[in-house]
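Please read the following note beside the sequence and the three-dimensional view. The points go from strands to helices and then to single residues.

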Amino acid sequence: MCHSGCVIVAVGIDVVLVERFSRAVERTPLLSERLFTQAERVTDNGNPRSHESLAARFAAKEAVAKALGAPGGLHWHDCEVVADPDGRPWLTVAGTVAAAAAERGVERWHLSLSHDGGIASAIVVAER
């Protein structure tokens, strides 16, 4: 929701082929740990998150980078996709991502995730 005086700074979008993402994760066992926080890798009940869900989270991180202009030096764990009690995804940023966002005046993020038909996608809106 845009409040009075808000400004959209940027929009980022990314799509991921789930099968390709799954192969990469299976081929490189530590890839999931490098890309995702522990909280992102498991569901609320502690079960491992599906490859479709992880692919959507990866798309979100890529969309954030695109919204920030793809600066170098961003750390994967500095952008985390979390869910509110209703299951709605949102972003928390820290460290390198928070610094890049602050440089661009980003104060708030909006996120939408989807996965269907073998494709995972994310759209991010950065707001001032």
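## Notes on strands, helices and selected residues

1. In the predicted model, Ala 83 stands opposite Pro 89, a residue of strand S3. This pair belongs to the pairing of strand S2 (residues 79-83) with strand S3 (residues 89-93), which is antiparallel and has five bridges. Five residues lie between the two strands of this hairpin, and Gly 87 has a positive phi near 95° there.

2. Three strands make an open sheet in the order S1-S5-S4, and the pairing is antiparallel. Its edge strands are S1 (8-17) and S4 (108-116), each of which pairs on one side only. From one strand to the next, the twist averages 10°.

3. The two pairings in this sheet can be followed through individual residues. S1 and S5 run antiparallel and are joined by nine bridges; Val 11 has Val 125 in S5 as its bridge partner. S4 and strand S5 (residues 119-127) also run antiparallel, with nine bridges joining them. Within S5, Ile 123 is the bridge partner of Ser 112, and Glu 127 is the residue that Arg 108 stands opposite.

4. How many residues lie between S4 and S5 in their hairpin? There are two, and Gly 117 in the turn has a positive phi of about 60°. The student may set this beside the hairpin of S2 and S3, where five residues separate the strands.

5. Helix H1 (residues 18-27) lies across S1 and S5 and runs at about 75° to S1. Helix H4 (residues 51-67) lies across S1, S4 and S5, and its angle to S1 is about 145°.

6. Two packed helices are described by the angle between their axes and the distance between the axes. For H1 and H4, the angle is about 100° and the axes are 9 Å apart. Angles of 65 to 115 degrees count as roughly perpendicular, and H1 and H4 are therefore roughly perpendicular to each other. On the H1 side, the contact is made by Val 18, Phe 21, Ser 22, Val 25 and Glu 26. On the H4 side, the residues are His 51, Glu 52, Leu 54, Ala 55 and Phe 58. Sorted by class, the contact of H1 with H4 has six nonpolar, two polar and two charged residues.

7. What length does H4 reach from its first C-alpha to its last? Its 17 residues reach 24 Å, close to the 24 Å expected at 1.5 Å a residue. Of these 17 residues, 13 are buried, and H4 is thus mostly covered. Gly 69, which follows H4, has a positive phi near 90°.

8. Although Ala 70 is not a glycine, its phi is positive, at about 55°. Is Ala 70 buried or exposed? Ala 70 counts as exposed because its relative accessibility is 54%, and exposed means over 50%.

9. Ser 32 is a residue of helix H2 (residues 31-35). Ser 32 counts as buried because its relative accessibility is 10%, and buried means under 20%. Which residues does Ser 32 contact, leaving aside its neighbours within four places in sequence? They are Val 25, Arg 41 and Leu 54. Leu 54 is 22 residues from Ser 32 in sequence, and their C-alpha atoms are 8.5 Å apart in space. Val 25 and Leu 54 also take part in the contact between H1 and H4.

10. Glu 80 counts as buried because its relative accessibility is 18%, which falls under the 20% cut-off. Not counting residues up to four places away in sequence, Glu 80 touches Thr 37, Ala 39, Glu 40, Trp 90, Leu 91 and Thr 92. Glu 80 and Ala 126 are 46 residues apart in sequence, and their C-alpha atoms are 15 Å apart in space.

Definitions and conventions
Residues numbered from 1 in each chain as written. Predicted model: local features only at pLDDT ≥ 70, side-chain atom pairs only at ≥ 80, totals over all residues. Heavy atoms only, no water. Helix = DSSP H or I, 4+ residues; strand = E, 2+ residues; numbered from the N terminus. Buried < 20%, exposed > 50% of the residue type's maximum accessible area, 1.4 Å probe, protein only. Contact = heavy atoms within 4.5 Å. Pairing = 2+ DSSP bridges. Axes fitted to C-alpha atoms, helices over the stretch in contact; angles between N-to-C directions. Parallel < 35°, antiparallel > 145°, perpendicular 65-115°, else oblique. Nonpolar A, V, L, I, M, F, W, Y, C, P; charged D, E, K, R; others polar. Expected span 1.5 Å × (residues − 1).
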